[in-house]
Amino acid sequence: MYFLQPFSFVDDYPPKFKNPSKNLDRFLEFVEGQQIKLKCHAQGARPLNVTWLKNKKPLSKSDRRHLRSKGWVLNFRALTLNDAGTYTCTVSNAFCSIQRTFVVKVVGKRYILVFSYYNIYSPIFTPLTCFV
């Protein structure tokens, strides 16, 4: 006598992120001009739908140009100050939806200025370094 057990396909379940250690909300700080990738890879029962929001609104046309890998990745080749914000990806299927949030802060480039000045009280030039 044989007993049949239910057979389950590997992808027959609610969505879950492929990298569970990175499921927590992420607070990230980057320098203007830096390249970054915000990844939202997930697995689960098909079809899986992925959507992105920036500051709780659908991505603008200019933000959508950063989408790669069929929407699973937002790839910024050179961050601008306008790219700062809260990005949320939502992955959903017939079972449920899951979200991952990235808070992206973009700081301006820092420049180091080095120059010398002549001190009238000393016969030598004195170097000065300024961080801007």
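Student: Is phenylalanine 76 buried or exposed in this predicted model?
Tutor: A residue counts as buried when its relative accessible area is under 20%. In this predicted model, the relative accessible area of phenylalanine 76 is 1%, so phenylalanine 76 is buried.

Student: How many aromatic pairs does a search of the whole structure find?
Tutor: Two rings are taken as a pair if their centres lie within 6.5 Å. With the whole structure searched, the number of aromatic pairs found is 2.

Student: Is the pair formed by the rings of tryptophan 52 and phenylalanine 102 stacked or edge-to-face?
Tutor: The ring centres of tryptophan 52 and phenylalanine 102 are 6.2 Å apart, and their planes stand at 25°. Planes under 30 degrees apart count as stacked, and therefore this pair is stacked.

Student: How many residues apart in sequence are the parts that tryptophan 52 and phenylalanine 102 tie together?
Tutor: Tryptophan 52 belongs to strand 5 (residues 49–54), while phenylalanine 102 belongs to strand 10 (residues 97–107). Tryptophan 52 is buried at 7% relative accessibility, and phenylalanine 102 is buried with a relative accessible area of 4%.

Student: What kind of pair do the rings of phenylalanine 76 and tyrosine 87 make?
Tutor: Phenylalanine 76 lies in strand 8 and tyrosine 87 in strand 9 (residues 85–92), so this pair ties together parts that are 11 residues apart in sequence. Tyrosine 87 is buried, with a relative accessible area of 0%. The ring centres of phenylalanine 76 and tyrosine 87 are 5.7 Å apart with their planes at 65°, and since planes over 60 degrees apart count as edge-to-face, the pair is edge-to-face.

Student: Why does lysine 57 count as exposed?
Tutor: Lysine 57 lies in strand 6 (residues 57–58), and its C-alpha atom is separated by 9.4 Å from that of threonine 88, 31 residues apart along the chain. Exposed means a relative accessible area over 50%, and lysine 57 is exposed because its value is 57%.

Key. Residues numbered from 1 in each chain as written. Predicted model: local features only at pLDDT ≥ 70, side-chain atom pairs only at ≥ 80, totals over all residues. Heavy atoms only, no water. Helix = DSSP H or I, 4+ residues; strand = E, 2+ residues; numbered from the N terminus. Buried < 20%, exposed > 50% of the residue type's maximum accessible area, 1.4 Å probe, protein only. Phe/Tyr/Trp six-rings, centres within 6.5 Å; stacked < 30°, edge-to-face > 60°.
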